Structure formats: C-alpha cells, structure tokens
Amino acid sequence: MTRAFLVVLDSVGIGGAPDAASFFNDVRPDTGANTLLHIAEACASGHAETGRSGPLTLPNLDRLGLGAALACASGQGAPGLGAPPEGRWGAATEISPGKDTPSGHWELAGLPVPWDWHYFPLEVPAFPAEVIARVSELAGTDGILGACHGSGTVMLDRFGAEHLRTVRPICYTSADSVFQIAAHEESFGLERLLALCEGIAPMLHEMRVGRVIARPFVGQEGAFRRTANRRDYAIAPPMPVLTDWVQRAGQPVIGVGKIGDIFSMRGIDRVLKGEDAVLMDHLDTLADTAPEGALVFANLVEFDSLWGHRRDVAGYARALEWFDARLGTFLPRLRPGDLLCLTADHGNDPTWHGTDHTRERVPVLVAGCGTGPVGHVAFADVAASVAAHLGVTATGPGRSFL
C-alpha cells in the first residue's frame, strides 16, 4: 500500500481558461489573466523587487514541470521557467460555475459543483434585510457594519474603529459566493464570533451561499491585523468526494490547513492548522509519519489571502520562491511508492484589475509516478488519479491520468 499527498497551492493559476470571458473583476472579464506568467514577467523586468530580486526562481517546481504546464495551459512560456520536466505534468480545466475555494476544491476532489452559487449584488446594502436582522440578533447588537463588497484589510481600515466603539460585527462579501464576518478577538471575542458564524451559516447555506467565514482581528485603529484563527463554515458536498472514498476504504485522511473547513470535515479523520510555514512543517512531519494508505490533503492559502487579493506581485513571488525552497527539502522525505500531486483551485493574478480571483487553468505536477505529460485534464481527474494510486474506488466523473 502507498500514500498520497495532494497539495493545493491556493490561487496559483497558469492562465488559458477557455471560459475566462464569462468571469469578471470590477466588471471587466478575466480574459488574459495568468497568475504565474505575469508574476514571472514582472520579476524578469525588475518590477517585483520588494524583499527579493531578479527573475522568478523556482527550480524544484520547474523540474516537476511547472514551466511545461504553463505552456500547456496558455501556450506561453515564462521567463526563468523551462527546465526539462522530471515529473508528470499537465494543466487542469474547471467546469464548475465558480472561481472560488469550494468550487475548485470540490471539483479537485471529484465533484463538480451541481448548482449555481448565490452571489450578493454590488449595491449597498448587499445583504437582504432578513439576513442583516438575523446576524444582529445572533450577535446581540443593534445592527452590523459594512454590508458591502470589499477586501478584508480595507474593511478593517474603514470599519475597525467603529466596530471597537459599537461592537457591531463587520459583514462583507466579494465576487465569490461568501459572507464574511470580521470582529475583534478581544473586544468582541473569538468564541462569540465563531458562534455567530456557525449560527448564521444554515440560513446562508439554504440560499446557496458557499461559505460563511469568520475573520478575527486584533490591534487598534491604524494597526489592525487579521489573525490565524480564521474559520470557514462551508456547505457540505452533497455527494461523496475523494476524502469519503478513502475513508470508507478504511484508510486515514489527514487535512492540512483549511481542508477540514472546506469539506465540513466530511471524510476527514484529523486536521492540522496554522500559517503556511507551520503547515509546511506539518507536511514534513507527515512525510515521515503518515501511515501507509493515507491521504494527506493540504491547502496553502497565503498565496491567495496575503498576496493575490492584495495585488502584491513581489509578495506573491516571495511566497512562490519560499515554497519552492521548502519543496526541495520535502521531496527527499517521500518514501518509494508515495505520490505527490501539486495543483491549485483557481487563479488570483496579482497584476490584474480588481481584487478578486481570476478564472484560470491550474497546474498539475506529479512526483512519484514517472515522467511525461498528462496533457489537458479535468479538475475531477485529479481525484480519480489520487484514488487510483491509493487503490480505492472513485465514484465521481473523473478519469485517472496515471
């Protein structure tokens, strides 16, 4: 029996989505968005020098086939990426009608989203009166703040001081199907925030809003910062997915990062959380200790949350180079017979207009099963391939590319 490590590099898209024109940032289509290519081009031209310098350097990812996957997805080559691949590589195309975390992860786990998500309008207030009333009731406050579209850090700048004065929760949304609630861990209380999110989630899930997200923060006016105690309350997948397939076969499933939240703990035996550096420490330990037959399913979120949404090209480049260095020490820990699959759930081009995700194809890089292209595959093919490696039955629409 063997093990599988499925690691999602949140938002590391590689362009080329055939339906990008149907998805938007600031009412402009995502046509031409390409997270990896545009970061590499900015680095090569000297426009991503903060905290780093020079061309984008990703030798370990490139050896697995990252540059080749980019060319497969979008027909373009990126500066500094072009090493002969030593792994299996290809590009995955999503069919779910969303460019968000649940859509991408569900489909990577074998289940294309079977409905249209509910998205909140750009008007203010963005939320129906009954939702605002229910949040206020659960929070024990005389109203909410925000009720609009916005980036999380901007919401803290706009409403954080008023939140400290009034204790009203800050509620906002984005182009994703999401309802986010920010509150101060000390003045409002972390447990109170989590209870509020858990309490309002069923109402929003009934509306087909994909996630309610608790966004705790600390600090004072002018110096607010979000903490690592974020929690997602997502709609549970309506049908079995990869985690269920593996668990029902009697094999362990370990979630790393926000995987447990994304799948509402469906099919997951244990979860390890923390910031991305801590998550990589967990992955190193699991490479040494995870039992035979295990699925380790990880999400590294900071590419997306810290750099993509904030349109910070240099920060995103630093994060990619940091991960590549950690990958160089992780790969030798794998045992003979182990499978590592690196992929992503959507794009978030930091050079793009707006602040939201971008509709893109994603890389599929596989170590542990030889070399060569897998070509264009479906997101759901990732789940089928991992299941095939673990020797469990897949019930989704995907087909193994191994």
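1. Which residues in α10 meet Trp322, Phe323, Arg326 and Phe330 in α12? They are Asp276, Ala277, Met280, Asp281, Leu283, Asp284 and Ala287. To meet here is to be in contact, with heavy atoms within 4.5 Å. Ala, Val, Leu, Ile, Met, Phe, Trp, Tyr, Cys and Pro count as nonpolar; Asp, Glu, Lys and Arg count as charged; the others, Gly among them, count as polar.

2. Some ground rules come next. The model is predicted, so local features need pLDDT of at least 70 and side-chain atom pairs count only at pLDDT 80 or more, while totals for chains, interfaces and linings use all residues. Residues are numbered from 1 along each chain as its sequence is written, and side-chain values use heavy atoms, with hydrogens and water left out. Helices (H or I, at least four residues) and strands (E, at least two) are DSSP runs, numbered from the N terminus.

3. Back to the first pair. Helix α10 covers residues 276–289, and helix α12 covers residues 313–330. Their axes come within 10 Å and cross at roughly 15°. That makes α10 roughly parallel to α12. Axes are lines fitted to C-alpha atoms, for helices over the stretch in contact, and angles run from 0 to 180 degrees between N-to-C directions. Angles under 35 degrees count as roughly parallel, over 145 as roughly antiparallel, 65 to 115 as roughly perpendicular and the rest as oblique. The crossing of α10 and α12 is right-handed. In a right-handed crossing the near helix is turned clockwise from the far one by less than a right angle; anticlockwise gives a left-handed one.

4. Helix α12 also packs with helix α1 (residues 35–44). The angle is about 105°, and the axes are 10 Å apart. That makes α1 roughly perpendicular to α12. From α1 come Thr35, Leu36, Ile39, Ala42 and Cys43. From α12 come Val313, Tyr316, Ala317 and Leu320. The contact of α1 with α12 has eight nonpolar residues, one polar and no charged.

5. Now take helix α5 (residues 129–139) and helix α7 (residues 185–206). At what angle do their axes cross? The angle is roughly 145°, and the axes come within 9 Å. This crossing is right-handed too. In α5, Glu130, Val131, Arg134, Val135, Leu138 and Ala139 take part. They meet Phe188, Arg192, Leu196, Gly199, Ile200, Met203 and Leu204 in α7. The contact of α5 with α7 divides into nine nonpolar, one polar and three charged residues.

6. UniProt positions follow the numbering used here, feature names are shortened, and annotations may be inferred rather than shown by experiment. An unreviewed UniProt entry lists Asp304, His309 and His357 under this label. They span 54 residues in sequence, yet no two of their C-alpha atoms are more than 8.3 Å apart, so they gather at one spot. Asp304, His309 and His357 are part of the lining of the second largest pocket. A pocket is found on a 1 Å grid over the protein atoms alone: an open set of points with protein on both sides within 12 Å along at least five of seven lines, whose lining residues have an atom within 4 Å of a point. Asp304 sits in helix α11 (residues 302–308).

7. The unreviewed entry also gives "binding site" for Asp10, Asp345 and His346. These span 337 residues in sequence, yet no two of their C-alpha atoms are more than 7.1 Å apart, so they gather at one spot. Asp10 lies in the loop between β1 (4–9) and β2 (24–25).

8. Gly372 belongs to strand β16 (residues 372–378). How far apart are Gly372 and Pro84 in space? The C-alpha distance is 9.9 Å, across 288 residues of sequence. Leaving aside neighbours within four places in sequence, Gly372 is in contact with Gly87, Arg88 and Trp89.

9. Finally, check two backbone details. Most residues other than glycine have a negative phi, and most peptide bonds are trans. The bond from Val124 to Pro125 is cis, with omega near 0°. Pro125 lies in the loop between α4 (101–108) and α5. Val167 has a positive phi, near 65°. Val167 is in the loop between α6 (152–166) and β6 (170–173).

Technical notes
1 Å grid on protein atoms, 1.4 Å probe; cavity = no way out; pocket = protein on both sides within 12 Å on 5 of 7 lines; lining within 4 Å.
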